[in-house]
Amino acid sequence: MDISTDFILTAPELLLTAVGLALVLLAAYGGDKWARVTSIATATALGAAFVMAAPIVWRGEGGADTLAFNGLFRADAFASLAKLMIYGGAIATLMVAPGFFERIGKLKTEFPVLVLFATLGMSVMVSASDMLTLYMGLELNSLAAYVLAAMLRDDDRSAEAGLKYFVLGALASGILLFGMSLTYGFTGTTDFAGIATAVAGGMNTGMLFGLIFVLAGLAFKISAAPFHMWTPDVYQGAPTPVTMFFASAPKVAAVALLARVSMEAFGTQVDAWRQVVIAAALLSIVIGALGAIGQENVKRLLAYSSINNVGFILIGLAAATPTGASALLVYLAIYTVMTVGSFVAVLLMRDAEGRQLESISDLAGLSTTRPALALVLAFLMFSLAGIPPLWGFYGKFVVFQAAVQADLLALAAIGIAASVIGAFYYIKIVKIMYFDAPADTVKGEGDKAHWALLLVCGVLVSPLGYLLTPWLNDIADRAAASMMLPV
């Protein structure tokens, strides 16, 4: 394969790199007065990358023809579908962030540039077919994310969030790097296909330790229990648009990367990692559900909701089948829509002076004072709870179905039972909005971009979202089939 083919396969990443470097120069010489222009340019570049990746998903491309740079990079349908979700989450963030930062006088030109480079790192992550590419993409994303978390330097909560994320993220990166070193030492390769071949005949103790350390490092990135400790503090302390970004795009990238490592690199030894994934899934579901019950801050509640949802996603991965991989992608797509909608609703929680409100008590009686916002937020909460006929129910249905088909009946049964616990705190939000006396603190008017996003997300999670399920199932099946599944 010649270099021109490599460039074609990496066209979205090359475009984002070129635009990012140009915007760095603009930010350096133009200052903050170019912040709006930079945001628009970044969103446009991400939209163009979205258009480039979409045909690969539709055609279900896979196999050797999707490998670039001597097998370091894989531009298959699985990676491209994950990229569509990542680019969509990043574009949604850029739509709502300028208004938020302008109201507090902190609109910076570097914000969209950091979002762009974080997205570029995620794009490389999901296309990784070698441990070296994996680590390069992961660190590019992480370095930008640490700065984004601490974006409001004069806000103690934001500075604390950035510091905690950096320290714990560095620890997780070290664990991951150690696991990669062990894997290379005992298999003699960093290539996923080569690792799969090396472990096919069985895993010795060194290989097993390498696998455990790699899974632990990636579990931190998806905030799966028991590596979730950073999530509530970072989600609460970071600026709300940044929290929305963290809860959507990086989550998709990390889960897709974990699926690729598990099913490609260690796909010939499913029993070696399945029990770890099952344990993480059950812990995440239970800890996420129980941790959210006593929360009074809506961003912390959504952080525990994120942990809870990761548990359900991991049930699809535990199936270790093409059906499980397809279910994982379907759940990720639905989860991204629900998460973006929920955080846009949080951004619309503002008082008369435009200050951001985060307390759940501020939602009291919202159905009386802001009925449209309350209605969409109720839809989103019921959908996150997995209550039919809303779209969130379908996400849970497909992962449980995949688990049952893989003879993981006990896992599916426990997951279904635990989902009832999670429904409590979602329904509690609806009860507060519709049955408590009005607090009448949410008075701020939203921007058009906020309402447009909220309307789109509300329509998608409504029963109308089921109209998209045949199409979503089809492309998810193609994407799962494009990924190497040695099992």
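## Salt bridges

Across the whole structure, a search finds 15 salt bridges, each being a side-chain nitrogen of Lys or Arg within 4 Å of a carboxyl oxygen of Asp or Glu. The model is predicted: local features need pLDDT of at least 70, side-chain atom pairs count only at pLDDT 80 or more, and totals for chains, interfaces and linings use all residues. Residues are numbered from 1 along each chain as its sequence is written, and side-chain values use heavy atoms, with hydrogens and water left out. Side chains of opposite charge can pair when their charged atoms come close.

Arginine 59 is exposed at 54% relative accessibility, whereas glutamate 61 is partly exposed at 23%. The classes are defined by relative accessible area: buried is under 20%, exposed is over 50%, and partly exposed is in between (1.4 Å probe, protein chains only). Another salt bridge joins lysine 431 to aspartate 436, where the closest N and O atoms are 3.0 Å apart. Lysine 431 is partly exposed, with a relative accessible area of 42%, and aspartate 436 is also partly exposed, at 28%. Elsewhere, Glu160, Lys164, Asp233 and Arg300 belong to one network of salt bridges that share partners.

## Aspartate 76 and arginine 260

Aspartate 76 sits in the loop between strand S2 (73-74) and helix H4 (77-103). Helices (H or I, at least four residues) and strands (E, at least two) are DSSP runs, numbered from the N terminus. The side chain of aspartate 76 meets that of arginine 260 in a salt bridge, at 2.8 Å from N to O. This pair links distant parts of the chain, since arginine 260 is in helix H11 (residues 240-265) and the two residues are 184 residues apart. Aspartate 76 is buried, with a relative accessible area of 0%; arginine 260 is buried as well, at 0%.

Apart from neighbours within four places in sequence, aspartate 76 is in contact (heavy atoms within 4.5 Å) with Ile56, Glu61, Gly62, Thr66, Arg260, Ser482 and Met483.

## Annotated span and nonpolar core

The UniProt record, an unreviewed entry, places the feature "domain: NADH:quinone oxidoreductase/Mrp antiporter transmembrane" at residues 128-422. UniProt positions are in the numbering used here, feature names are shortened, and annotations may be inferred rather than shown by experiment. The span 128-422 is 78% helix and 0% strand, and its end C-alpha atoms lie 34 Å apart.

The largest nonpolar core contains 175 residues, and Phe246 and Leu314 have the most contacts inside it. Helix H14 (residues 322-347) gives the most to this core, with 18 residues. A nonpolar core is a set of buried Ala, Val, Leu, Ile, Met, Phe, Trp, Tyr and Cys residues joined through side-chain atoms within 4.5 Å. With neighbours within four places in sequence left aside, leucine 314 is in contact with Ile222, Ala224, Leu258, Val277, Ala280 and Ala281.

## Surface patch

A nonpolar patch on the surface is formed by Leu455, Val459, Leu464 and Leu467, with about 410 Å² of accessible area together. Patches are made of residues with over 30% relative accessible area and no salt bridge; like charges are joined within 9 Å, and nonpolar side chains (Val, Leu, Ile, Met, Phe, Trp, Tyr) within 5 Å. Accessible areas come from the Shrake-Rupley method with a 1.4 Å probe, and for residues only the protein chains shown count as cover. Leucine 467 lies in the loop between helix H19 (448-461) and helix H20 (469-482), and is exposed at a relative accessible area of 66%.

## Backbone geometry

Most residues other than glycine have a negative phi, and most peptide bonds are trans. Alanine 225 and proline 226 are joined by a cis peptide bond with omega of about 5°. Proline 226 is in the loop between helix H9 (205-221) and helix H10 (231-237). Serine 223 is in the loop between H9 and H10; its phi is positive, near 55°, and serine 223 is buried at 0% relative accessibility.

A cis peptide bond also joins proline 388 and proline 389, with omega of about 10°. The loop that holds proline 389 runs between helix H16 (371-385) and helix H17 (391-405). Phenylalanine 69 has a positive phi near 55°. Phenylalanine 69 is located in the loop between strand S1 (67-68) and S2, and is partly exposed with a relative accessible area of 30%.
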